[in-house]
Amino acid sequence: MEISRYSTDYIKKMLAPKLWKLLSEVIGEPVTKNTLRIVIEPPLKVRSRQQHSLKPLQRKIWSDDAPELSVFYGYADELNTLEKWIVTDRCRLVALGGMVGVGKTAIAVKLGRQIQDSFQFVIWRSLRGSPPLQNILADLLESFSDCTETTLPGTSVSDVSRLMECLRSHRCLVILDGVETILETSQLAGRYREGYQDYGQFFRQIGELSHQSCLVLTCSEKLRVIDLMADRNSPVRYYKLDGLRKDAAKQILRDRELVEEPEWTSLIDRYEGNPLLLKIVATTILEIFNGRATDFLGQNTTFLGNQLTEELDRQFQRISRVEIEVMYQLALASQPLTRSQLRENMPSSPSSSQVTDALQSLEWRSLIEKINVGGNSLFTLRPIIKKYMFNRFNNN
Ligand SMILES: Nc1ncnc2c1ncn2[C@@H]1O[C@H](COP(=O)(O)OP(=O)(O)O)[C@@H](O)[C@H]1O
Ligand SMILES: [Mg+2]
């Protein structure tokens, strides 16, 4: 500190009162020698934190592959919960699951836009095309270049460590959409494809290490790392979307200009409030049934159509052999089955743990439903999937 030319007495008696008066006016609260620290420190701290972390460095990178949402209905409770997890509870890793078309990508966009001001950096990346982790890391580091000036490229520090350093020093929101593209097909759910195992390690580090950022993933299969680490007190959480509620689902049908609104409820039930499925059937109803849901429902069958079948074919390709067998048995059964009933019915006599793994995997893919009856778990196919399985029987 500089040595002052004034005497201590002069400062205390002449200058200090002026300073207290000036500070009191500026801050709007009485300031004296004794209250100085209490009054002045909190506002200054808040201000300096905001200046340091929010203002100069804010950057949002919504790459072209983030869909623009022209409309977004419902999912308000879901959005509130997710916002709370990320903004209030400061979760480090949040995975969004649910069946294809249920709206995982859409809600991730909506959520990101809704909470982006709580972050200095917001980055959206789709995993379409299955990019290797190295590419994603390089991309993220480039986007974060403002906070990585400390290490030069080519030094021995790994990209993961450099990225973790960014996630520690800044509050970043990273959204990776469509993680299923890096998962193995014809295997139990949640296994990485050959050459993509390092993603698992990366996700685990994000969940385990201390930092102030959040990674949001969307994935049609539940990942093992999420299954192991997620619970309500953990900074790692899993949210499974189960479809739109009636009012929101009706909006989708209304936008497609369907008529006979009273009939829509059973349509929505049949397609489980899944926005993609509802859009597809609504288009068919409009084009073939003149928009009349009754005529369509009068067919008394769950219509799937080409587009939907293709979506489900894609999902079906991902499934392991034992899972397929389980699905056939569940499709044939007129009632939900217990695990042991199911196993008895299966011609290949799989081991008990194979059946357990298959059931768990099918649940992670949102293809089956588990019902609890008197403490027993019964398993059944979701209605849409059952219809799909019947179509497969008949076409093969
Ligand atoms: N809440 C919603 N309101 C309106 N449309 C929605 C909503 N959620 C999803 N959609 C639409 O449904 C379709 C499937 O959604 P998407 O997010 O791609 O599903 P997922 O990622 O789960 O496969 C898209 O056309 C999307 O715009
Ligand atoms: Mg998606």
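This note goes through a strand, some aromatic pairs and one lysine in a predicted model.

1. Start with strand β2, residues 93-97. Five of its five residues are buried, so the strand is largely enclosed by the rest of the structure. Leu93, Ala95 and Gly97 point one way. Val94 and Leu96 point the other way.

2. Strand β2 has parallel neighbours. Four bridges join it to β5, residues 214-218. Here Leu96 is partnered by Thr218. Five bridges join β2 to β6, residues 236-240. In β6, Val236 is the bridge partner of Leu93.

3. Next, the aromatic rings. There are eight aromatic pairs. One of them is Trp85 with Tyr239, a tilted pair at 5.7 Å centre to centre, with 55 degrees between the planes. Trp85 sits in helix α3 (residues 76-88) and Tyr239 in strand β6, so the pair ties together parts that are 154 residues apart in sequence. Both residues are buried.

4. Tyr199 and Phe203 also form a tilted pair, 5.8 Å centre to centre and 50 degrees between the planes. Both lie in helix α7 (residues 197-208), four residues apart, about one turn of the helix. Tyr199 has 0% relative accessibility, so it counts as buried. Phe203 is buried too, at 0% relative accessibility. Together with Tyr196 and Phe202, these two residues form one aromatic cluster.

5. Finally, look at Lys250 in helix α9, residues 246-255. Lys250 is buried, yet has no salt bridge. Glu261 is the nearest side chain of opposite charge, 4.5 Å away. Leaving aside residues up to four places away in sequence, Lys250 touches Glu261, Trp264, Thr265 and Ile268.

Note on methods. Residues are numbered from 1 along each chain as its sequence is written. Chains are lettered from A and ligands numbered from 1 in the order in which they are written. This is a predicted model: local features need pLDDT of at least 70, side-chain atom pairs count only at pLDDT 80 or more; totals for chains, interfaces and linings use all residues. Side-chain values use heavy atoms; hydrogens and water are left out. Helices (H or I, at least four residues) and strands (E, at least two) are DSSP runs, numbered from the N terminus. Buried means under 20% relative accessible area, exposed over 50%, partly exposed in between (1.4 Å probe, protein chains only). Lys and Arg count as positive and Asp and Glu as negative; His and the chain ends are not counted. A salt bridge is a side-chain nitrogen of Lys or Arg within 4 Å of a carboxyl oxygen of Asp or Glu. Contact means heavy atoms within 4.5 Å. Two strands pair if DSSP finds at least two bridges between them. Rings of Phe, Tyr and Trp (its six-membered ring) pair if their centres lie within 6.5 Å; planes under 30 degrees apart count as stacked, over 60 as edge-to-face and the rest as tilted.
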